[in-house]
Amino acid sequence: MARVRLSVAERREELLRAAVEQIEARGVAAVRIADVAAALGVSNALVLYHFSTKEKLVAAAFTYAAEADLAHLRRLLGRRTTALRRLRAAVRWYAPTGQAKGWRLWIEGWAAGLREPALREVAGALDQQWKAALAQVIAEGTKAGEFPCEDPVAAAWRLTAFLDGLAVQMTSYAGSLSRAAMLEWADAALVRELGLPPEEAPASAAPRPGPTDPGGA
């Protein structure tokens, strides 16, 4: 059966989705142009036409996946409610469960970025956007008098560093910490960073909103 003719933009997106799936399944080091081509039933030459090297394909796929998560984060942080509620929703979504494909992709990106400058630059820029989005809402809440956080930027850095560390543990050692405990720790970390009294932490962890799998970090 003949394949449907796609526009350049549609073809690139199809290739990026396939690349994300292959990276999640095989890892950055093992994935090949041929794996992406085979997944779609196209030639290696077609993949190379759109992305001239494997390194460029991987960097573009990582950006594609991470920007989907960033868009979801911004939707959570842009809701018409208090800064505290927006931050709690974002932290509970961002916090890892050990099953999220998005976290596996981020961890792959961090590891590969140690050896691949292009991917390191992409991952670093995206990471800065995560921190900036959280810091902005923390600053809004501080200005509105919701909580007494003295340094929103530092708070965002410490909070994301804590959650990133949890992600590595939960993804690498599945089952080492219960989902309920992990969410409780994430809530407690947010309370500490905002300068709220301990009693402000929720009594129990609320359900985590569904991930935007490109995958989510």
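In this predicted model, His 50 is found in helix H3, which spans residues 44-50. With a relative accessibility of 14%, His 50 falls under the 20% limit and therefore counts as buried. What does His 50 touch, once its neighbours within four places in sequence are left aside? Its contacts are Val 8, Arg 11, Arg 12 and Leu 15. For Arg 12, the separation from His 50 is 38 residues in sequence, while the C-alpha to C-alpha distance is 6.8 Å.

Attention now turns to the packing of H1 with H2. Their axes lie 9 Å apart and meet at an angle of about 120°; the two helices are therefore oblique to each other. The crossing of H1 and H2 is right-handed. On the H1 side, the contact is formed by Glu 14, Leu 15, Ala 18, Ala 19, Gln 22 and Arg 26, and H2 supplies Asp 35, Val 36, Ala 39 and Leu 40. Sorted by class, the residues of this contact comprise six nonpolar, three charged and one polar.

The largest nonpolar core holds 67 residues, and the members touching the most others are Leu 87 and Phe 147. Two or more residues come from each of H1 (8-26), H2 (33-40), H4 (54-77), H5 (83-94), H6 (101-113), H7 (117-143), H8 (152-172) and H9 (179-194). The greatest contribution, eleven residues, is that of H4. Beyond residues up to four places away in sequence, Leu 87 is in contact with Leu 77, Leu 134, Val 137, Ile 138, Phe 147, Leu 190 and Leu 194. In soluble globular proteins, nonpolar side chains tend to be buried together.

Technical notes. Residues are numbered from 1 along each chain as its sequence is written. This is a predicted model: local features need pLDDT of at least 70, side-chain atom pairs count only at pLDDT 80 or more; totals for chains, interfaces and linings use all residues. Side-chain values use heavy atoms; hydrogens and water are left out. A nonpolar core is a set of buried Ala, Val, Leu, Ile, Met, Phe, Trp, Tyr and Cys residues joined through side-chain atoms within 4.5 Å. Buried means under 20% relative accessible area, exposed over 50%, partly exposed in between (1.4 Å probe, protein chains only). Helices (H or I, at least four residues) and strands (E, at least two) are DSSP runs, numbered from the N terminus. Contact means heavy atoms within 4.5 Å. Axes are lines fitted to C-alpha atoms, for helices over the stretch in contact, and angles run from 0 to 180 degrees between N-to-C directions. Angles under 35 degrees count as roughly parallel, over 145 as roughly antiparallel, 65 to 115 as roughly perpendicular and the rest as oblique. A crossing is left-handed if the near helix is turned anticlockwise from the far one by less than a right angle, and right-handed if clockwise. Ala, Val, Leu, Ile, Met, Phe, Trp, Tyr, Cys and Pro count as nonpolar, Asp, Glu, Lys and Arg as charged, and the others, Gly among them, as polar.
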